[in-house]
Amino acid sequence: MARDRERGGGPVAGLYPISTGSAELVPDGDSSDGWLLKINGVQSSHVVLGDPLRLDFEYMRWIMALVEDRFDPGGRSRLRVLHQGGGGCSMPRYVAARYPDARQVVVELDAQLAEYVRQWFDLPKAPLLRIRVGEAREVTESLTPATRDVVIRDVFAGPYTPHPLTTVEFTQASAGLLDAGGIYLANIGSAPDHVTARIEAAAIAEVFPHVAIVADPAMLKGRRYGNIIIAGSTDPVEGSAALRRRLLGGAMPAHFWDDAQVRAWIGPTRPRRDPAAPDPAEREAADPKAASGEYGGRNGA
């Protein structure tokens with residue numbers, strides 16, 4: 001049965017083995033061609049095959065609102081976008097529909113999931129949309145500087161983003177990919193205490209001279225777990241009147257915080273940094289056997 005589903009040309013409800021566990025496709029009861037994708041039991045993406053402009057996840061709508069406020073779809077169709085994190089490619093499908101000549105790269109850790117998503121969801125072909133299988137940090141650090149207009153970080157391990165993707169150094173690598181006027185957008189999973197969100201926001205605020213936040217009022221008041229979108233840019237991230245109206249108009253209205261509000265919210269929180277590399281001389285002084293290789297190990301086996 002699983003093999004029959006894997007050979008099919010479109011989505012079929014069921015549980016599928018992937019490289020990092022399992023993916024489940026669940027039909028959307030509200031739409032005949034809508035699908036919910038779960039990764040290891042957690043909701044990851046929602047796709048409506050006949051309507052790529054429909055985004056059921058509020059945080060995705062907020063991200064796309066920020067992108068369109070910065071880059072008018074009517075005036076700039078060839079947008080260059082890097083998606084750190086793929087899932088069901090809901091946002092890449094949206095970008096392709098709004099910016100028909102966009103060039104997009106999606107970084108997806110799970111090779112089997114990337115293959116399934118290509119098969120299920122009728123994605124644009126390369127060079128319009130490429131899926132690059134790999135770890136988001138390694139791929140980001142391998143790309144050519146100043147070659148992207150938008151970088152979207154949407155990577156999770158459980159409810160939070162892996163620490164290596166939240167440091168100042170990773171944010172610097174992401175910022176280096178942006179051309180003039182580009183924008184970095186990070187989706188942060190935050191508990192009500194906002195400890196994690198403030199740490200991640202502090203890293204983005206250290207790297208970028210201009211930052212902004214979009215989230216719903218309950219999240220900003222610390223009443224529940226949910227998503228906070230943090231934007232960073234070398235240019236001001238302004239909440240235009242049109243953007244604020246759009247954010248307030250969804251099923252879950254969101255507020256826009258400007259640079260001053262974000263930095264006041266971060267307060268004295270210090271950003272996360274990469275662990276310092278151990279000094280070989282200090283390591284040898286602390287443990288001569290380890291430095292000499294006396295303990296043996298896997299190298300050269």
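Me: What makes two strands a pair here?
Reply: Two strands pair if DSSP finds at least two bridges between them. Keep in mind that this is a predicted model.

Me: Which strands form the open sheet, and in what order?
Reply: There are 8 strands, in the order S7-S6-S5-S8-S9-S11-S10-S12. Their pairing is mixed.

Me: Why do S7 and S12 count as edges?
Reply: Strand S7 (129–133) and strand S12 (255–257) each have a single partner strand, so one side of each lacks a neighbour in the sheet. From one strand to the next, the twist averages 15°.

Me: How do you know that S8 and S9 pair?
Reply: The cut-off is at least two bridges. Strand S8 (residues 148–153) and strand S9 (residues 178–190) are joined by 5 bridges, and they run parallel. Arg 148 stands opposite Leu 178 in S9.

Me: Which helix lies across S10, S11 and S12?
Reply: Helix H10 (residues 259–266) does. Its angle to S10 is about 80°.

Me: Why is Gln 84 called buried?
Reply: Buried means under 20% relative accessible area. Gln 84 has 0% relative accessibility, so it counts as buried. Gln 84 sits in strand S5 (residues 80–84).

Me: What makes the link between the side chains of Gln 84 and Ser 174 a polar contact?
Reply: The limit for such a pair of N or O atoms is 3.5 Å. The contact between these side chains is 3.1 Å. Ser 174 is also one of the residues in contact with Gln 84 beyond four places in sequence. Others on that list include Val 107, Val 151, Phe 170 and Tyr 184.

Me: How many aromatic pairs are there?
Reply: The count comes to 8 aromatic pairs.

Me: Why is the pair of Tyr 16 and Trp 120 called edge-to-face?
Reply: Ring centres must lie within 6.5 Å, and planes over 60 degrees apart count as edge-to-face. Here the centres are 4.9 Å apart and the planes are at 65°, so the pair is edge-to-face. Tyr 16 is in strand S1 (residues 14–18) and Trp 120 in helix H4 (residues 111–120), 104 residues apart. Both Tyr 16 and Trp 120 are buried.

Me: Why is the pair of Phe 57 and Tyr 59 called tilted?
Reply: Planes under 30 degrees apart would count as stacked, and over 60 as edge-to-face. These planes are at 40° with centres 6.3 Å apart, so the pair is tilted. Phe 57 and Tyr 59 are both buried.

Me: Which residues form one aromatic cluster with Tyr 16?
Reply: Tyr 116, Trp 120 and Phe 121 form it with Tyr 16.

Methods: Residues numbered from 1 in each chain as written. Predicted model: local features only at pLDDT ≥ 70, side-chain atom pairs only at ≥ 80, totals over all residues. Heavy atoms only, no water. Phe/Tyr/Trp six-rings, centres within 6.5 Å; stacked < 30°, edge-to-face > 60°. Helix = DSSP H or I, 4+ residues; strand = E, 2+ residues; numbered from the N terminus. Buried < 20%, exposed > 50% of the residue type's maximum accessible area, 1.4 Å probe, protein only. Axes fitted to C-alpha atoms, helices over the stretch in contact; angles between N-to-C directions. Contact = heavy atoms within 4.5 Å. Polar contact = N/O pair within 3.5 Å; in protein donor to acceptor, adjacent residues only side chain to side chain.
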